[in-house]
Amino acid sequence: MKVIDKKAIRIVQAIIAIALMFGVYIRYNIPYYSHKVFGVSYMTMNNSFYEVINVELEKVVESHGDALITLDPALDTEKQIEQIQRFIQQRVTGIFVNPVDSQAIVPVLREAKAAGISVFVIDTQIEEEDLVDCTIISDNYNAGVQCALDMMKRRDEADIILLRHSEALSASDRIQGFLDTIAEHPQYRIVGDAECEGQLEKAMPVMMDLLATCGHVDVVMALNDPSALGAMAALEKSGVTNAVVYGVDGTPDFKSLIGVDPIVAGTVAQSPISMGRLAGEKMYDRLSGKTVDKTIVVTVDLINQDNIDEWSKTGWQ
């Protein structure tokens with residue numbers, strides 16, 4: 001009787017082991033089953049903007065009974081390339097990507113295209129558009145223009161510091177829109193600029209260094225709201241009270257300071273809710289054979305003390 005019990009136990013253990021192995025196989029090899037699997041790699045998840053995009057994208061994917069694998073390269077270009085290569089190896093149905101480096105990612109996207117995988121780029125663009133089925137971006141150039149026009153309306157002249165993320169074309173477009181708008185107005189002077197990758201924790205020390213070398217600043221044009229918050233922290237720590245900061249995003253944190261903290265001039269609102277939803281819907285349109293625009297541009301709006309009451313301060317748009 002004891003021998004039979006031992007055999008039974010071994011049989012049960014074997015069944016459990018096989019079930020576990022099968023479960024792992026399903027988890028990491030879903031593309032071989034009837035459901036579709038998509039992969040997405042954002043430049044960083046240390047930004048609520050991308051968290052909101054991902055939530056909306058996931059809603060669309062799951063509403064079709066499919067799965068989304070979300071990966072975070074933490075602003076590491078090589079890691080993001082490895083993540084996309086992993087998606088290709090897993091034979092996912094489609095890849096969504098928000099590039100850390102718009103140029104460095106081109107070769108791996110060429111691999112994805114060769115493998116017949118649909119590729120959608122979110123929140124920025126790459127130079128070789130033929131590798132991408134659809135690019136969904138905010139009107140980034142216009143975001144910079146709107147910040148510049150608002151500044152020129154409020155200040156007759158200004159010494160300006162720029163906070164950049166040059167490897168991301170979306171961020172570069174914002175700064176370029178700002179620069180082009182003030183180009184023929186010499187009273188608006190760029191006295192300093194630096195790279196900060198759009199991160200609050202990097203923007204603050206960079207801004208501290210700029211304040212030490214530039215001596216005087218009236219306006220900070222930051223590529224996004226997190227870097228604008230880093231600039232604010234540096235200004236406050238340095239005792240600078242007569243400068244103002246512009247951001248781009250429309251984050252709840254930054255909007256809640258408009259009209260409350262005089263350092264905050266305004267932000268240009270993006271809509272991660274719309275971007276995530278559009279990315280998902282257009283991917284399914286593409287897979288069903290419908291024609292999808294090569295580029296979809298989402299409009300942006302300046303939020304300042306004049307219109308902040310028209311916007312929610314507690315959520316994204």
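How many nonpolar, polar and charged residues does the lining of the largest cavity have? The structure examined here is a predicted model, in which local features need pLDDT of at least 70 and side-chain atom pairs count only at pLDDT 80 or more, whereas totals for chains, interfaces and linings use all residues. Residues are numbered from 1 along each chain as its sequence is written, and side-chain values use heavy atoms, with hydrogens and water left out.

The chain contains 10 helices and 12 strands, where helices (H or I, at least four residues) and strands (E, at least two) are DSSP runs numbered from the N terminus. Of its 317 residues, 52% count as buried, a term that stands for under 20% relative accessible area, with exposed meaning over 50% and partly exposed in between (1.4 Å probe, protein chains only). Contact is taken as heavy atoms within 4.5 Å, and among the contacts with a separation of 6 or more, 70% are made by residues 24 or more positions apart.

Rolling a probe the size of a water molecule over the atoms shows where empty space is left. On a 1 Å grid over the protein atoms alone, a cavity is a set of points where a 1.4 Å probe fits but cannot get out, while a pocket is an open set with protein on both sides within 12 Å along at least five of seven lines; lining residues have an atom within 4 Å of a point. Grid points are joined across faces, edges and corners, and a volume is the space filled by probe spheres set on the points.

By this rule, 1 cavity of 30 Å³ or more is present, and the largest cavity holds about 130 Å³ of space. Its lining comprises 18 residues, of which Tyr50, Asp123, Arg174, Leu223 and Asn224 lie nearest the centre. By class, the lining of the largest cavity has 6 nonpolar, 8 polar and 4 charged residues, where Ala, Val, Leu, Ile, Met, Phe, Trp, Tyr, Cys and Pro count as nonpolar, Asp, Glu, Lys and Arg as charged, and the others, Gly among them, as polar. Helix H2 (48-63) and helix H6 (169-182) each supply at least two residues of this lining, and H6 gives the most, with 3 residues.

Helix H6 also carries Phe178, which counts as buried at 0% relative accessibility. Not counting residues up to four places away in sequence, Phe178 touches Gly144, Val145, Cys147, Ala148, Met151, Ile160, Leu162 and Met221. Phe178 and Ala143 are 35 residues apart in sequence, yet their C-alpha atoms are 7.9 Å apart in space.

The largest pocket has a volume of about 240 Å³, and of the 13 residues that line it, Asn46, Asn47, Ser48, Pro226 and Asp253 are the closest to its centre. Helix H7 (200-214), helix H8 (225-237) and helix H9 (252-255) each supply at least two residues of the lining, with H8 giving the most, at 3 residues. This lining divides into 4 nonpolar, 6 polar and 3 charged residues. The second largest pocket, with about 200 Å³ of space, is lined by 15 residues, including Arg154, Val244, Val264, Ala265 and Gln305, which lie nearest its centre. Helix H5 (140-154), strand S9 (244-249) and strand S10 (264-269) each supply at least two residues of the lining of the second largest pocket, which has 9 nonpolar, 3 polar and 3 charged residues.

In helix H4 (residues 106-114), Val106, Val108, Leu109 and Ala112 are buried. Seen down the axis of H4, the buried residues fall within an arc of 160 degrees (taken from the directions from the helix axis to the C-beta atoms), so they line one face of the helix. Their cover includes helix H3 (77-89), strand S3 (94-97) and strand S4 (118-122).

Gln317, in the segment after strand S12 (301-304), is buried, with a relative accessible area of 19%. Its side chain makes a polar contact (a pair of N or O atoms within 3.5 Å; within protein, one must be able to donate a hydrogen and the other to accept it, and residues adjacent in sequence count only if both atoms are side-chain atoms) with the side chain of Lys255, at 2.7 Å. A polar atom of the Gln317 side chain also lies 2.7 Å from the backbone oxygen of Gln270.
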